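Please look over the sequence and the model shown here before reading on. The report that follows takes up a loop residue, a sheet and a pair of helices in turn.

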Amino acid sequence: MELRHSSWSDRVADTVELLNGFGAAWTQIDEPKFRSSIRQNQLPNVRTFYYMRLHGRNAAQWWKHDATEDRYNYLYSPEELQPLAETATAARTIVKKAYLYMNNHFAAKSVANAVMIKHLTGDRIDGEYPQALVDRYDVLADLVQTTDSWASAQREEPAGVSAASRRKTRSRS
């Protein structure tokens, strides 16, 4: 359950009792904090699953923006993600399933931050990523394999390997 208004955290014991009564996880949110924003400790309230949603911290455009997606135009730094990754790692030792969702989707910032948080939590980073993404978010350069680098690696031949020797090797197998 994603609760946003401070009235839910003002009566935290009642909120936890209500959610636990239904077996509902209290979604832990990261977003700009305002006077009426909910306050959270980022810890799970149930053991079944954990849900953290990262919206970005673009306070300047949260309420006043030209387009709705401007609100989510925010790239977390590795330093900002570190404590969130530590919390997520700790939560995974308590719950059966942990879900982290990046909602700072403007210009693929959620993809970049998802890779970064996977790195910080020690999770594998599978797949191939477009070189254009790495060019835009250079912090990813040492974390991901790009489609362009994969394709060029496939075209490169190891020293001393000719097309004829590759055919011989295939025909023997």
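A polar contact is a pair of N or O atoms within 3.5 Å, where, within protein, one atom must be able to donate a hydrogen and the other to accept it, and where residues adjacent in sequence count only if both atoms are side-chain atoms. The model is predicted, with local features needing pLDDT of at least 70 and side-chain atom pairs counting only at pLDDT 80 or more, while totals for chains, interfaces and linings use all residues. Residues are numbered from 1 along each chain as its sequence is written, and side-chain values use heavy atoms, with hydrogens and water left out.

Asn45 is found in the loop between β1 (28-30) and β2 (49-54), the strands (E, at least two residues) and helices (H or I, at least four) being DSSP runs numbered from the N terminus.

| Atom or group of Asn45 | Partner | Distance |
|---|---|---|
| Asn45 side chain | Asn20 side chain | 2.7 Å |

Leaving aside residues up to four places away in sequence, Asn45 touches Leu19, Asn20, Ala24, Ala25 and Trp26, where contact means heavy atoms within 4.5 Å.

The open sheet has three strands in the order β1-β2-β3, with parallel pairing, and two strands pair if DSSP finds at least two bridges between them. β1 and β3 (97-102) stand at the edges with a single partner strand each, so one side of each is left without a neighbour in the sheet. Three bridges join β1 to β2, and the bridge partner of Gln28 in β2 is Met52.

The axes of helix α3 (residues 78-92) and helix α4 (residues 109-121) come within 9 Å and cross at roughly 55°; axes are lines fitted to C-alpha atoms, for helices over the stretch in contact, and angles run from 0 to 180 degrees between N-to-C directions. α3 also lies across β1, β2 and β3, running at about 165° to β2.
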